[in-house]
Amino acid sequence: MRHAVTRTILVSLALAALSVTGCKKSTPTSNAGPANASPGAKVSYTIGMSQCNLGEPWRVQMNDDVRKAAEAHPEITMIFKDAQNDTLKQRAHVEEFVSAGVDLIIISPKEAQPLTEPVAKAMQAGIPVIVLDRRVLGDEYTCFIGADNKLIGRKAGEWIVKTLGGKGNVVELEGLMTSTPGQDRHSGFRDAIKGSDINIIFEADMKWLEPDARKEMESALSRFDNIDLVYAHNDPGAHGAYLAAQAAGRADKIKFVGIDALPQEGVVYVKQGILAATFQYPTGGAEAIDMALKILHGESVPKEITLGSRVFTKENVDAGGDPI
Amino acid sequence: MYTMQAVAGPTQTDTPLLAMTAICKTFGSQEVLRDVAFDLRAGELHVLAGENGAGKSTLMRILGGVIPADHGHSHINGSEVLFRNPRDAANSGVAIIHQELSLVGSMSVADNLFLGHECSTAGWLHQSDSNQRAREVLGRVGLSIDPRSAVDSLPISSQQLVEIAKALALDAQIIVMDEPTSALSEPEVRNLFARIADLKSQGCGIIYITHRLEEIYTIADRISVLRDGALVATRDRSDLPPDELVRLLVGRNISDQAPRRSVTTNDIRLQVQHCTVRATRADVPPVVEDVSFDVRRGEILGVVGLEGSGVSELLWANFGGLANRATSQITIDGSRTRINSPRDAIDAGVALVTNDRKRTGLILGMDIVQNSTLAALPRLSPFTWLNHSAETSLASESAQQLNLRAASMRQHVSTLSGGNQQKVVLAKWMGTNPRVLLLDDPTRGVDVGAKHEIYLLMNQWSEQGRSIVFSSSEWPELLQVSDRIIVMHRGRIVASFERGAATPADLLRAAMGSTRDE
Amino acid sequence: MAPSDERTGWRARLTSPTATALFALCFVLLIGLIFSGDGAFYKWSTHRDALRQASVYGILACGMTFVIITAGIDLSVGSVLALVAVAFSILSIHKDWSPWLAVPACLAFGAACGATSGAVIARLRIQPFIVTLAMMVFARGLAKTISGGMKVSTAMQRPDGSWAAAPVPDVFKAIDSRLLGDNISVVSLIFIACIAISWIVLSRLRWGRYLYAIGGNEEAARLSGVPVVAMKILAYALAGAFSAVAGLCQAAQEQQGDPEAGIGYELTAIAIVVIGGTNLMGGRGGIGLTLLGTLTIGYLDKILSVNAVPEASRLMLTGVIIIVAVLLQRRKD
């Protein structure tokens, strides 16, 4: 009886297995630029930072960027909370910040809909809220800071068109296509190559995962003898594709382009000559602290800040990349 | 030995309650039933006898709608019926009570009784109606228990009656009982028989499958004998004396008296002192309390007790089968031996045949060779490397000695008959070459022929100097086979008889613990 | 009544688990022959890659087979894979351990994780599902702890804060290379070696017989002198050791130790074992079936990939094919 139940659960789980082999989004990162010290801070401030999931390296980086920026301002005390990918937990964290009476909340929400109301409540309680990376609904927040995946995708596309001289065979390895970053990096790229003679000969969803990217690239390699470039929605994806091509002895004939440019990942791949280029997806951690100080000092801030990106190539990588 | 009387005779009517004619069934190339005609009258108990493999179960599965017949017809109360599935059969008033009960242990008695036929309106259960009806039905089988109690809190004997009550709750007219007494003690058997008499007087017809001659001659009205798929005789009980029945069953003359030539010597082989087994619950007195006995080389010691007297536990305890629940000082051939686990016991030359081969004896998914070498494997596989040919030859050797009948040694034991399965269990222990054999009801659920063979084997073992501690639910046989008998009651030894000094009645009196009071 | 002699006939062979598993594999291969991805399916390199891709799952499934045969389950294999991948990367890239030291250390580490689960399951009699679920969470946490939450790659931080790449360790390159004229991946050979070792344990060693006996009827096995506790610990330790092997392969193929690696792999491993036809109730099955299950899942994955089937359709097709395969098994029981 008990066994039967266990078995049923397991079989269902096992089936689910093949469907959800990866739902993590390992992405991009930050410029980690030094924060501007704002002068004339007299009082001390407590800022609550609610992170939706520290399981992702990019979000670890975001927290690091926030922490580093805040350390430059001794008057700021940070409280970090990790919702471990649980919407309800994050909701509770916001409510705890409100009842603890923090001076400002920075939130990188897991989902828009369920976190809209807690954010609005915090605003009504007189606590300014900075929303990072993902949005909430409506306009009851102080400031949104985020990067534009579509823009990054378009910049990558333009760079590829230029690099290939307007024509060539390209493999696109997509991030999870049910996620907004995946969709935006795809559509921005496609917009940019429109009108050129670039052919997308193979596209596959590698779910942000390096082993999956390698598997898909192997398939592309066995189907097509002429591949000029691989555009992957993140750097691990591009690296996986590189390893597949290297194993097939074709790595030197193919260029690899990735997104995210984490300092210890994509940027290093460019230095090694594995990637031809990688496009930064900034965390906005440092900018969030800048804005926080402005808000706390009573200065006005824009409602919406779109972060810029940087491109890293062999030529500029040692100089820290170029803004785009 | 049973003392039940006043069994109502069958009511003779022109149309039988059930008539099955010209039933044929073939599995693959094997003809399992050949032109079988069987009938059952209202108010009669019809014993269906046959060795394992004779076709009894197949016939009953056809009756129960589990499998279809290849040919033949069934009539109930004169009208033809065709059962496509067990539900059809149940709706026509056929209930089959299997040896392994089919109750849901965690559910209440009432819920079990009406499972699939709940008292409900539009899915809403009527608990009190259901309990009320349950009490009525339970009353008909003489059970006065709370219908809300969980089935697994009841003793096996009550569960059996609940199963019968379940049949009655469905208005069953035809009740098939497959070895219903195999797990019951003597008084429980008598109670069951009294209930069967009630059912008969209520007009039910009962088809009764059993291997026990005593039972047949206590309760049967008519007896049908199946042999190798053919019905060889249907007679009134009075027209079929036991010798004749045994001859019909096996198709040859065998003496059902197990010959016993005592070879007991005076050397004490196994000495057990101060054996105590705690109950699983702390507030209950020990199951076995300070029991001491010894067995001489070549001796067969019979142990007798009613259900719950601690006989099985006594055997398990001295095999290390109960882990830390049991304490016992064991001396084998004069040297103190520590037995804390079955492995210790096997190394010390002790073997245990449990009374439930499917649950604790065999690995049903394994084949004959793998089962029969399981206990002897360390000896057969030096450095843990298996030696398949040594295994096969050991298993074949045992199989030959035991007269094990199987198509192939690679046959899964789940496909063997009860008697042959038991022989595989015995083969497993022969492989360890034991000095002491603890046999807990080794003939349970095996056919007459196999029983006889098992008794002969026990004789052989004792001639080889092995000592045997033997319990059985069939006391007449135990009396014939044992050199000496000890009787247990509530975890203690209350009596001891030398060979030939006791009658079944003596044993029963001692086992019921009533000698002193009366 | 006794279907005895029929069982050995050709009819029985056709419905044996091996035959149905083989049938499922042939079915998938047939799909590949029809939808060949512009002929890619007719090239050996495609098959070589399919085998490479399936190897990590297959190695995990080898370990899972032992556990499932004892009627248990091990949910921690994916996490142990990540833990070992991280540990192996740290030892090989940052601590410069020789592979002759690092590889045995990692295998022992994985086996120790499994043995811990096994000991709790067998000694304290707690359900395998719960115990290995706990180990799954714990090992993942430990992997994140020792890696500092980041991938352990060849990227090294210089004193000035910038990053540079160290060389990829030779042992990584060796594991992620090919032999026999570029025709077979080393990880595939490792997988085949795992299958061979598993076959020896299950079919040639007393231990294997004991594992089947425990899965078939634990009480009867105990009463026949089978050391149940030790054997269960052995089964889980083997599952841990095979997870470690998979972890080494994963690290070598990614050239890094990702603490997030192997998420959901335990379910794929279970699916492989079940599709092969090994019974989740224990006592039945075998490593040959796991090999067939691995190939079935691996080829299914490859065929969908080589045809560039969109992700959503892949999920649906995979679900349908798994159900069909499992139903084929069911008919026999």
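**Questions on chains B and C**

Modeller: The buried residues of α9(C) pack against α12 (368-373) and α13 (377-380) of chain B, and also against α3, α8, α10 (218-223) and α11 of chain C. This is a predicted model, in which local features need pLDDT of at least 70 and side-chain atom pairs count only at pLDDT 80 or more, while totals for chains, interfaces and linings use all residues. Residues are numbered from 1 along each chain as its sequence is written, with chains lettered from A and ligands numbered from 1 in the order in which they are written.

Colleague: What makes α9(C) mostly covered?

Modeller: A residue is buried if 20 or more other C-beta atoms lie within 10 Å of its own, exposed if 12 or fewer, and partly exposed in between, with C-beta atoms placed from the backbone. By that count 11 of the 11 residues of α9(C) are buried, among them W207(C), Y210(C) and I214(C).

Colleague: How do you know that the span of helix α8 of chain C agrees with its number of residues?

Modeller: Helices are DSSP runs (H or I, at least four residues), as strands are (E, at least two), numbered from the N terminus. The expected span is 1.5 Å times one less than the number of residues, so the 19 residues of α8 (residues 186-204) of chain C should span 27 Å, and the end C-alpha atoms are 26 Å apart, which agrees.

Colleague: What makes β14 and β17 of chain B edge strands?

Modeller: Two strands pair if DSSP finds at least two bridges between them, and the open sheet has the order β14-β13-β16-β17 (chain B), with antiparallel pairing. β14 (288-296) and β17 (335-337) of chain B each have a single partner strand, so one side of each is left without a neighbour in the sheet. Strand β13 (residues 268-277) of chain B pairs with β14(B) over six bridges.

Conventions. Two residues are in contact if their C-beta atoms, placed from the backbone, lie within 7 Å.
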